[in-house]
Amino acid sequence: MGAKALPKSEEEAVEETLTNNKYFHEPGVNDTFRHYDQRYFKNVVSYEEREQTLYHMIRAYLSTFRRKGLETWIAHGTLLGWWWNGKILPWDWDLDTQVSYSTLDYLGKKLNRTKHHYVSDDKTFTREYLLDVNPWILERERGDGDNVIDARWIDTHNGLFIDITGLSETHPDVQPGVWSCKNYHRYRTKDLYPLRESTYEGVPAMIPYSYDQILIEEYEPKALVLTEYEGHHWDPTARAWIKEEDVKGSPPQKSFLQPRPHIPRNMQPRATEPGIRNVPRLLHWW
């Protein structure tokens, strides 16, 4: 039998990724494996472990950033989960947050590759998270697409993570006040600021000012009203997504959760309370 290669050290892994241009590596490219950091991946976790991991991970991230005075807000599918009930969408495999480029720069200079110990409020759950900043953050264009994620908050126990992307005024000379990430999402300053105070999974969280406009333009209006998706149905009494047993032969559902590039449009932003009670505001989009 051939010798089995020893796992690379974290430092060797970083050096290799820099050599290969792509910084963050995942154990695969399908919908399951691409949501793990290769360095900490052992096996695909169960539905229950995934829920538990993401719940504590976002609480740790938001609490740590708030304690350190670092501005961040939830985005993409994570923001959509907030809209429904202030919680993670139960079929999500990872979470998304955004920061301004000034915050991203600070993370890279002061907190890169720092580890953060977490203990749950009831003392029954502990984790260590790695804040890892992509060295390609100075490049604010998409390039070859290998480094569109600027940083990650990684669970070192199983490799699940939060994607952190920075927004910057990439072309202030011709598009002043337009903020963009490296994955073609664009926002006006008034779409984002002033950030609104809310809660997510029971801890304080910031959301973009024009959150509803952002969600509708990134997904579709029906993403905010469709009550069956990915083997779950919305229970309005419990205000929660309930998992159903798999039904063989069910027709595939069109995915509204694949984000489209966000292009700003005019719309008057209003209340910040999460939940389907905001539906009447959306009727004019249909």
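User: Which residues of helix H3 are buried?

Analyst: This is a predicted model, in which local features need pLDDT of at least 70 and side-chain atom pairs count only at pLDDT 80 or more, while totals for chains, interfaces and linings use all residues. Residues are numbered from 1 along each chain as its sequence is written, and side-chain values use heavy atoms, with hydrogens and water left out. Helices (H or I, at least four residues) and strands (E, at least two) are DSSP runs numbered from the N terminus, and buried means under 20% relative accessible area (1.4 Å probe, protein chains only). Helix H3 spans residues 76–85 and ten of its ten residues are buried, namely His76, Gly77, Thr78, Leu79, Leu80, Gly81, Trp82, Trp83, Trp84 and Asn85.

User: Which strands stand at the edges of the open sheet of three strands?

Analyst: The strand order is E11-E12-E13, with antiparallel pairing, where two strands pair if DSSP finds at least two bridges between them. Each edge strand has a single partner strand, so one side of each is left without a neighbour in the sheet; these are E11 (228–229) and E13 (240–243).

User: What is the bridge partner of Glu228 in E12?

Analyst: Two bridges join E11 to E12 (residues 232–235), and these strands run antiparallel. The partner of Glu228 in E12 is His233.

Note on methods:
Buried means under 20% relative accessible area, exposed over 50%, partly exposed in between (1.4 Å probe, protein chains only).
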